[in-house]
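Dear colleague,

I am passing on the structure below, together with some notes on what was found in it. Please read the notes with the coordinates open beside them.

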Amino acid sequence: MTELNLIGIEKEKAVNVSNTLNQLLADYQIYYQNLRGFHWNIKGEDFFELHVKFEELYSDAALRIDAIAERILTLGSTPYHSFNEYLKYSQTNPAENISNGREAVGTVLQNIRHLLNVLNELKVNAEDANDQGTSSFTDDMINSFEKTAWMLNAYLS
Ligand SMILES: [Fe+2]
């Protein structure tokens, strides 16, 4: 008989969903720290605009990161929680010494496009596991990132 986890999802499939959530978490943490760096180091005539925008994005990311980690725990797995793990598993490059506004916005857009790929994969895995909680949990992040991608792209156009 198939073993179920605490919330009634097949254990094996829940692990698969958790692994993708951990991938998302690792990428999100690097994205978060990139935004902090851009918030601090940005220079030029768009300073006031971008300084505030990056703070808005990293504040949102901080809340999402907590929710992702707690979803992993709800599914019965352990979220990555060390810098070592984040650096080891993230497919997002840590950005260093970027002070140019367009370069920073371009990097954020690139990071978001990768996060959207992971989120789309997560959605598929969640549906496969009949994990409606994780599936609906991804929707808001996907919608929010898609809108941000449009705005950042408009800024760069
Ligand atoms: Fe600040």
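**Helix packing and fold**

Helix 1 and helix 4 pass each other in a left-handed crossing, the term for a near helix turned anticlockwise from the far one by less than a right angle, clockwise being right-handed. Please bear in mind that this is a predicted model, in which local features need pLDDT of at least 70 and side-chain atom pairs count only at pLDDT 80 or more, while totals for chains, interfaces and linings use all residues. Residues are numbered from 1 along each chain as its sequence is written.

Two packed helices are described by the angle between their axes and the distance between the axes. For helix 1 (residues 11-41) and helix 4 (residues 101-128), the axes come within 9 Å and cross at roughly 165°; axes here are lines fitted to C-alpha atoms, for helices over the stretch in contact, with angles running from 0 to 180 degrees between N-to-C directions. Helix 1 is therefore roughly antiparallel to helix 4, on a scale where angles under 35 degrees count as roughly parallel, over 145 as roughly antiparallel, 65 to 115 as roughly perpendicular and the rest as oblique. By class, the contact of helix 1 with helix 4 has 14 nonpolar, 8 polar and 4 charged residues (Ala, Val, Leu, Ile, Met, Phe, Trp, Tyr, Cys and Pro count as nonpolar, Asp, Glu, Lys and Arg as charged, and the others, Gly among them, as polar).

The chain as a whole has 5 helices and 0 strands, both taken as DSSP runs numbered from the N terminus (helices are H or I, at least four residues; strands are E, at least two), and its elements run α-α-α-α-α from the N terminus on. Its radius of gyration, 17 Å, is close to the 15 Å that the globule rule gives for 157 residues, so the chain is as compact as a globular protein of that length; the radius is taken over C-alpha atoms, and the rule is 2.2 Å times the number of residues to the power 0.38. Along the principal axes, the C-alpha atoms fill a box of roughly 65 × 30 × 20 Å. Of the 157 residues, 36% count as buried, where buried means 20 or more other C-beta atoms within 10 Å of a residue's own, exposed 12 or fewer, and partly exposed in between, with C-beta atoms placed from the backbone. Among contacts between residues at least 6 apart in sequence, 75% join residues at least 24 apart, a contact being two C-beta atoms, placed from the backbone, within 7 Å.

**Individual residues**

Gln 91, in the loop between helix 3 (83-89) and helix 4, is exposed, with 12 other C-beta atoms within 10 Å. Leaving aside neighbours within four places in sequence, Gln 91 is in contact with Asp 27 and His 114, and its C-alpha atom is 8.0 Å from that of Ala 26, 65 residues away in sequence.

Asn 97 lies in the loop between helix 3 and helix 4 and has a positive phi of about 55° although it is not a glycine; Asn 97 is exposed, with 6 other C-beta atoms within 10 Å. Asn 130, in the loop between helix 4 and helix 5 (132-156), has a positive phi near 55° and is exposed, with 11 other C-beta atoms within 10 Å.

Best regards
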